[in-house]
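I opened the file to look up two things.

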Amino acid sequence: MRQQIVAGNWKMNKTAVEAEALVRNVIEILSKNPSESVVVFAPPFVHLQRVAQIISQSPVHVSRVFTAAQDCHWEESGAYTGEVSAAMIKSVGATHAIIGHSERRTYFKENNQLLARKIDVAFKNELLPIYCCGESIMERKNDHHFKTIEKQIAEGLFHLSENDFLNVIIAYEPVWAIGTGETATPEQAQEMHAFIRDLLSQKYGGETAENISILYGGSCKPSNSKVLFAQPDIDGGLIGGASLEAEDFLAIIHSF
Ligand code: PGA
């Protein structure tokens, strides 16, 4: 179902003590000042179990808070030193997995075909994927941004049945806006989100497309989240830097 979602992608930040403090802080304030939106924490793998535990022990009115892994491996198990499987992620209480973040695509050479396999293994283990797409600055300058996004979505997701597809969350994150302080304008973001929804509609029909949450990511912060989230096809955000401070993350959560 189409939901308003604010997900915090911590990337490679926070020690165990810092992670626990941040989650407790956010949850405590959320329990006093609840939000209608779904909140997702995506800490590094080593903190997943603790974060999921803290959330599960929190008061009922913050029950719309979930834990996501930042990635998962494409195989069920095996000789992949240093890697983490979807089954392991599920077993420690996480419910979602970010798949295809541009930093994974760039630094770890993950392509759409590989990401399609990660999507499948996530579903097999009942993890909900947050699938990321986004164009580089060159692709936008050369007017290839729509083609890039279409390819990333078609090759990564369009093998899914309509039933599975309904459980996908999409995050549009223009690479040039991630961690740069440069945000897509609300018009640029809305234009791409509407384009994505139209793609989904052509593939799975209008009703399914209307039910998919499409998040914006890329230097989303308290000063711009309200205007971004007010766009008709933006259903929330995948937040990097601004999710590392409770106050900023909460301000974004309360931006709807
Ligand atoms: P940023 O990162 O908010 O720090 O730009 C967003 C992301 O990479 O998910």
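Which backbone atom lies 2.7 Å from an oxygen atom of the ligand? I found a backbone N or O atom of Ser219 at that distance. I note that this model is predicted.

Entry 1: A polar side-chain atom of Lys11 lies 2.7 Å from a ligand oxygen atom. Gly241 brings a polar backbone atom, 2.8 Å from an oxygen atom of the ligand. I then checked the cover. On its own the ligand has 280 Å² of accessible area, and the protein covers 95% of that.

**Entry 2: the shell.** I count 13 residues around the ligand. Those that come nearest are Lys11, His101, Glu173, Gly179 and Ser219. I sorted the shell by residue class. Seven of its residues are polar, four are nonpolar and two are charged.

**Entry 3: Leu22.** I moved on to this residue. Leu22 sits in helix H1, which spans residues 16-32. Is Leu22 buried or exposed? Its relative accessible area is 5%, under the 20% cut-off, so I log Leu22 as buried.

**Entry 4: what Leu22 touches.** I set aside the neighbours within four places in sequence. Leu22 is then in contact with Trp10, Lys14, Ser243, Leu244, Glu245 and Ala246. For one of these, Glu245, I looked up the C-alpha separation from Leu22. The two residues are 223 residues apart along the chain, yet their C-alpha atoms are separated by 7.2 Å.

Definitions and conventions. Residues numbered from 1 in each chain as written. Predicted model: local features only at pLDDT ≥ 70, side-chain atom pairs only at ≥ 80, totals over all residues. Heavy atoms only, no water. Near = heavy atom within 4 Å. Polar contact = N/O pair within 3.5 Å; in protein donor to acceptor, adjacent residues only side chain to side chain. Areas by Shrake-Rupley, 256 points an atom, 1.4 Å probe, with all protein chains shown as cover. Nonpolar A, V, L, I, M, F, W, Y, C, P; charged D, E, K, R; others polar. Helix = DSSP H or I, 4+ residues; strand = E, 2+ residues; numbered from the N terminus. Buried < 20%, exposed > 50% of the residue type's maximum accessible area, 1.4 Å probe, protein only. Contact = heavy atoms within 4.5 Å.
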